[in-house]
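Here are a few notes to read alongside the structure.

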Amino acid sequence: MQQQSLFQQNIAEPLANRLRPESLEEYVGQQQLVAPGRVLRRLIDADQIPSMIFWGPPGVGKTTLARIIARHTRAEFINFSAVTSGIKEIKEVMQQAETSRLMGQKTILFVDEIHRFNKAQQDAFLPYVERGSIVLIGATTENPSFEINSALLSRCKVFVLQALQTEDLVQLLHHALTSPKGFGGQKIQVEDELLSMIATFANGDARVALNTLEMVVLNGERQGEATRVTPEIVEQCISKKSLLYDKNGEEHYNLISALHKSMRNSDVNAAIYWLARMLEAGEDPLYVARRLIRFASEDIGMADSQALVIAVAAYQACHFIGMPECNVTLTHAVTYLALSPKSNALYTAYGRAKQDAQDMLAEPVPLVIRNAPTQLMKELDYGKGYQYAHDLEDKIAVMDCLPPSLKGRKYYRPTTQGREARVKERVEQIEQWQKQHRGNDL
């Protein structure tokens, strides 16, 4: 076999592998778990690691964190793939871990993509986890509540790892340019704006960010001993134009305003265009999805309550599959919302109620609808005269639920748009019933 030189071996190893952090101090992101004083950090520092599941999107450091934990606790680390292993391999590794336990050596078994194991394979871990032969750390991109057996899940602590922020990825890219393990021995000229562009393109995935940086450096312009990375090279490597966009600046708000107002005006083509402008410039799809959820209630509301269901489903789909696949999902939602009948009755209803709530913060709850869990409260007439609507023929009781000072207030004023027209009829029926049974003082 032909031997490779040390230089060749180093070049062949991907940048993401060379830069894999070896300590919590080097680890980027997930501060909600590993910052000093946080739950997981305390468990690591106390060397009291339980079996656990790391749940999060690709490239957020699940494998790296497991390796750091093993190194920090001086445990033997076994990396096990759910893609290439079966029950036979599981039992062989478990026997090895049991032998190590009898010799006083702790074993951390890291199972990547643990959700790919079937029930029988997952059950094979149970006796060894219970005996303490291993500390199991499973990594999954899928919801463990659905993909991991309840028996195994009940013996593991679930930690949720979040997609890395753009700032985290920029920090990681700067480290790659200065670290001896990365490009620290080379003169790489790359502007911060281009690093931000790469970080945005990576969409929370550190591996994608580092692989992209490696590609742009390898394709950079050689100028003597230096390598210059240009915007054109970055655009070619990520197949994306440098669009005029700043996620923290004015253009960010201009574009989301354009999307919102185009949908409000039922201009579906403009809405899809502004959606594409945002996504192709690197906007977080979950941000867009959150704005669609707001729009569904603010601008459509009861005119088509299905709009809210569609918007929430779009958010969940974006969370599951990410970019670029979720661009069609968001287009689906934007199209539905743009073409839906419009009503801002819910938005204005809350605005009117909010004003009264702020002006009259101390209005007492009417006695008739107060809770009366104790005898003293009953003696004070809490709940006296309360009528259970389900026991009544019309399912409506003759009692005032608003404070006396707000009697007759009408916050919700339904429109005749879409399905809200039927809601309006229902509201009017209820008001007519109340007038007939309470009098005309409403």
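1. Start with a charge and a ring. Lys157 lies over the face of Phe159, and the distance to the ring centre is 5.7 Å. Keep in mind that this is a predicted model, so treat every value here as computed from it.

2. There's another case to look up. Find Tyr382: the charged end of Arg370 sits over its ring, 4.9 Å from the centre.

3. What about rings with rings? The count comes to 4 aromatic pairs. If you want to describe such a pair yourself, use the distance of the centres and the angle of the planes.

4. Now for a pair of helices. Helix 16 covers residues 268-280 and helix 17 covers residues 285-300. They pack at an angle of about 150°, and their axes are 10 Å apart. Angles over 145 degrees count as roughly antiparallel, and helix 16 and helix 17 are therefore roughly antiparallel to each other.

5. Which residues make that contact? From helix 16 come Leu275, Met278 and Leu279, while helix 17 brings Pro285, Tyr287 and Val288. Sorted by class, this contact has 6 nonpolar residues, with no polar and no charged ones.

6. Finally, zoom out to the whole chain. The protein chain has 22 helices and 8 strands. Its radius of gyration is 30 Å, well over the 22 Å that the globule rule gives for 442 residues, so the chain is more spread out than a compact globule. Along its principal axes, the C-alpha trace spans about 100 × 60 × 40 Å.

Note on methods. Residues are numbered from 1 along each chain as its sequence is written. This is a predicted model: local features need pLDDT of at least 70, side-chain atom pairs count only at pLDDT 80 or more; totals for chains, interfaces and linings use all residues. Side-chain values use heavy atoms; hydrogens and water are left out. Axes are lines fitted to C-alpha atoms, for helices over the stretch in contact, and angles run from 0 to 180 degrees between N-to-C directions. Helices (H or I, at least four residues) and strands (E, at least two) are DSSP runs, numbered from the N terminus. Angles under 35 degrees count as roughly parallel, over 145 as roughly antiparallel, 65 to 115 as roughly perpendicular and the rest as oblique. Contact means heavy atoms within 4.5 Å. Ala, Val, Leu, Ile, Met, Phe, Trp, Tyr, Cys and Pro count as nonpolar, Asp, Glu, Lys and Arg as charged, and the others, Gly among them, as polar. Rings of Phe, Tyr and Trp (its six-membered ring) pair if their centres lie within 6.5 Å; planes under 30 degrees apart count as stacked, over 60 as edge-to-face and the rest as tilted. A charge sits over a ring if NZ of Lys or CZ of Arg is within 6 Å of the ring centre and within 35 degrees of the ring normal. The radius of gyration is taken over C-alpha atoms; the globule rule is 2.2 Å times the number of residues to the power 0.38.
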